[in-house]
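Here is a short tour of a structure for you to follow on screen. Keep the sequence and the 3D view at hand as you read.

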Amino acid sequence: MKYLLKRLLMMLPMLVGISLVSYVIMNMAPGDAASMYVNPEELRNQVSIDAVREKLQLDSPVLVRYAAWLGQVLQGNLGYSYISRQPVASEIAARLVPTIQLSVAALALELVVGVSLGIFCAKRQYRASDNILSLLSFVGMSMPSFWFGMLLILFFTLRVGWLPSMGLVTVGLKGPWHVLLADRARHMAMPVIALSFAGVGSWLRFQRASFLDVMGQDYIRTARSKGLKEGAVTWRHAFRNSCIPVVTMLGGSLPGLIGGSFVIENMFGIPGLGRYGTMAVLARDYPAVMAVTLFSSILVMAGVLLSDLLYVLVDPRIKYS
Amino acid sequence: MTTEKYKASPGALVLRRFARNRLAVAGAAVLILLTLLAAAAPLVSPFPYDELHMGDLPDGNPLPPLSPKYALGTDQFGRDYLTRCVFGGRMSLSVGFLSALVSLAIGIPLGLAAGYFGGAADIAVMRFTEFLSCIPSFFLILIANSIFHASIFNVMAIIGMFSWMGICRQARAQCLHLKEQDFVMSARAMGFSHFYIIRRYILPNALSPVIVSATLNVAYAIITESSLSYLGLGVQEPVPSWGAMLKAGQDYMRVAPWMAVLPGLLILFVALSLNFMGDGLRDALDPRAVRR
C-alpha cells in the first residue's frame with residue numbers, strides 16, 4: 001500500500017517533466033498559433049493578430065505560460081481547444097475509451113498468442129514448425145503496423161468485403177446490445193490485429209527463449225525424475241517461471257504500444273486519443289496537444305505500474321516495500 | 001584444435017562466425033544491394049523522381065506494374081514507381097542510418113561516462129534514460145516534427161534524439177564490467193587521463209553489444225520515419241520516401257494496390273535484414289558464444 005502511494009507520487013514529477021518538454025518544444029515553433037485564427041484576408045492586419053495573441057496569452061515567456069497552464073491543470077482545467085472552442089477535458093474524455101479499448105485488446109491478444117506460440121516453439125525446438133514460426137516472428141517485428149493494416153484492408157475489405165475499414169460503429173445502426181457489440185467487434189478486429197502483430201513476434205521470441213532456459217533448470221529435471229507427466233512439468237513447474245522475463249518486459253513495451261495505436265487510429269479512422277492528438281499537432285492546437293501528451297503519459301505510466309504489480313503475482317519471492 | 005585456429009585474427013573469427021549464420025548473411029546481402037541501388041539512384045532509375053507522365057495514364061488511373069516503359073507501374077501522377085522506390089530508399093535508408101548515428105553519438109558518451117564515473121553522474125544519466133524510455137516518445141517525435149521545418153535532417157535528428165536509451169544502457173553495462181578489469185587498473189596505475197582510458201581501453205571493448213543495439217535502431221528508425229511520413233509529418237512531396245509513398249498508396253488501394261504493397265515490402269525487407277544481421281552479429285561478436 002505504501003509502495004503504491006510512493007509509486008503514484010513518483011509519477012507526478014515525471015508528468016511535470018514530460019509536459020514541460022512538450023510545452024517547450026511546441027514553443028520553438030517558428031509559426032504562430034495566432035495567425036491561424038485571423039481571417040486570411042486580414043492577415044496583414046497586425047491589430048487583429050495582436051488581439052488574438054493577447055487573448056491566447058502568447059506574449060508572456062514560455063516558463064510563465066507553462067506555470068499558468070500547470071496551475072490550471074491542477075485545478076482540473078485543461079483549457080479550451082483553439083479550433084473547436086470546446087473544453088479540452090470533455091473532448092479528451094470522449095476519446096480515451098476507444099484508445100484504451102484498442103490498446104488493451106491488442107495487448108491481450110499479442111500476449112496470449114505470443115506466449116502460447118512461444119511455448120509451442122520451445123517444445124518443438126529446431127523442428128520445421130519452430131523454424132517457420134520463428135521466421136514469421138521476425139517478419140512481424142520488421143513491418144510497420146500500419147502497413148500490415150493496409151494489407152488487412154486490401155484483403156478483408158476490398159477483396160472479400162467482410163470487415164469495415166473505417167470508424168468504430170456503423171452510423172445509424174440500432175438494435176439490442178448484442179448487435180451493437182458485434183458491430184463494434186467487427187470494426188475493432190482489423191485495428192487490433194494490425195496493432196498486435198509486431199508484439200506477437202517479440203513475445204514469441206522472449207517466451208521461447210525463457211521457456212528453453214527454464215526447461216534446462218535442475219528443478220525441471222527433478223520434477224521429471226519424480227515421474228510427473230510432461231503436461232504437469234510444463235504447466236505447474238515451467239510455465240510460471242518462464243513468464244517472469246515476459247512480465248519484466250511488459251512495462252517497457254507500453255510506450256511502443258501507445259505510439260503504434262496513434263498511427264493505427266489514424267489509419268482506421270478511430271476517434272481516439274491518437275487521432276485527436278495528430279489532428280491537434282497538425283493544427284498547432286496547443287491546449288489539445290498538451291492534454292494528449294499528459295493523458296497518453298498517464299496511460300503508459302499506469303500500465304507500467306500495473307505490470308510491476310503483476311510481477312508479484314508471477315513471482316511471489318518479490319516483495320515491494 | 002588446429003594451430004591455424006589460433007592464427008586467425010579476432011576480426012577474422014567474427015567474420016567466420018557471422019558467415020556461418022545463413023540468414024544473417026542473406027540479410028547483409030539484401031541490405032548492401034538495396035543500399036547500392038539507393039546510392040546509385042540517378043544512374044539506375046529511368047526517370048527523374050518527380051517527372052510527371054499524366055498523358056500516359058489512359059483513364060487517369062495509375063498504370064500497373066509490368067506496363068511498357070514502367071517496370072513497376074506508376075503512381076497517380078504518372079511518375080515511374082521504380083524510380084520512386086529507388087529514390088524513396090535513399091530517403092528511408094539515410095534516415096535509418098543517420099538517426100542511428102545520432103543515437104550512437106548521444107548514447108555512447110553518456111553511457112560510458114555514467115558507467116565510468118559512477119555516483120551522481122550515473123544516477124542522473126540513468127534517471128534521465130528511464131524517464132525517456134517510459135514516456136510515449138512517439139507523440140513527442142510527432143510534436144517536434146510538426147514544429148520544426150519538415151526537412152529530412154530534422155526527422156533524422158529527432159528520431160535519433162529519442163532512441164539512444166538502449167545504446168546508453170548497453171554502453172554503461174559494458175563499462176561497469178570493464179572498469180574493474182586488470183588491464184584498466186594497470187592503465188590507471190600508469191597515470192593515464194580518464195579520457196584516454198575511456199577512449200583507448202574501454203570504448204573498443206564495449207563496442208560490440210552497442211553495435212548490435214545500433215543495428216536494431218536502424219530498423220526502428222526506418223519504421224518510425226515511415227509512420228511519420230504516413231501521418232504527413234515526415235518527408236514531404238514531391239520527394240519520395242517509403243512511408244510517404246504508403247500514405248499516397250492508401251488512397252489508391254482500390255484501383256492500384258501495388259502502390260501500397262511495394263514500398264511496404266521494401267521496408268519489410270530492409271528491417272528484416274537488419275534484424276537478422278543484428279542476431280548474427282550478436283552471436284558472432286560474443287567471444288564466449290558456444291560453437292553450434
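## Aromatic pairs

A search of the whole structure, which is a predicted model, turns up 16 aromatic pairs over all chains. One of them joins B:Phe128 and B:Trp164: the ring centres are 6.0 Å apart and the planes stand at 35 degrees, so this pair counts as tilted.

Where do B:Phe128 and B:Trp164 sit in the chain? B:Phe128 belongs to helix H6 (residues 119-133) of chain B, while B:Trp164 lies in the loop between H8 and helix H9 (165-178) of chain B. The two are 36 residues apart, and the pair links distant parts of the chain.

## Chain B as a whole

Now let us step back to the chain that holds this pair. Chain B has 13 helices and zero strands, and its pattern along the sequence reads α-α-α-α-α-α-α-α-α-α-α-α-α. Taken along the principal axes, the C-alpha atoms of chain B fill a box of roughly 80 × 50 × 30 Å.

## How confident is the predictor?

For chain B, the mean pLDDT is 86, with 95% of residues at 70 or more.

## Helices H5 and H8 of chain B

H5(B) is also worth a look for its packing partner. H5(B) packs with helix H8 (residues 152-161) of chain B at an angle of about 45 degrees, and their axes are 8 Å apart.

By type, the residues of the contact of H5(B) with H8(B) divide into eleven nonpolar, four polar and no charged.

## A helix pair in chain A

Helix H4 (residues 88-123) of chain A and helix H7 (residues 177-215) of chain A have axes that come within 5 Å and cross at roughly 40 degrees. The crossing of H4(A) and H7(A) is right-handed. The residues of the contact of H4(A) with H7(A) comprise 22 nonpolar, seven polar and four charged.

Technical notes:
Residues numbered from 1 in each chain as written. Chains lettered and ligands numbered in written order. Predicted model: local features only at pLDDT ≥ 70, side-chain atom pairs only at ≥ 80, totals over all residues. Heavy atoms only, no water. pLDDT = per-residue confidence, 0-100. Axes fitted to C-alpha atoms, helices over the stretch in contact; angles between N-to-C directions. Helix = DSSP H or I, 4+ residues; strand = E, 2+ residues; numbered from the N terminus. Nonpolar A, V, L, I, M, F, W, Y, C, P; charged D, E, K, R; others polar. Phe/Tyr/Trp six-rings, centres within 6.5 Å; stacked < 30°, edge-to-face > 60°. Left-handed = near helix turned anticlockwise from the far one by under 90°.
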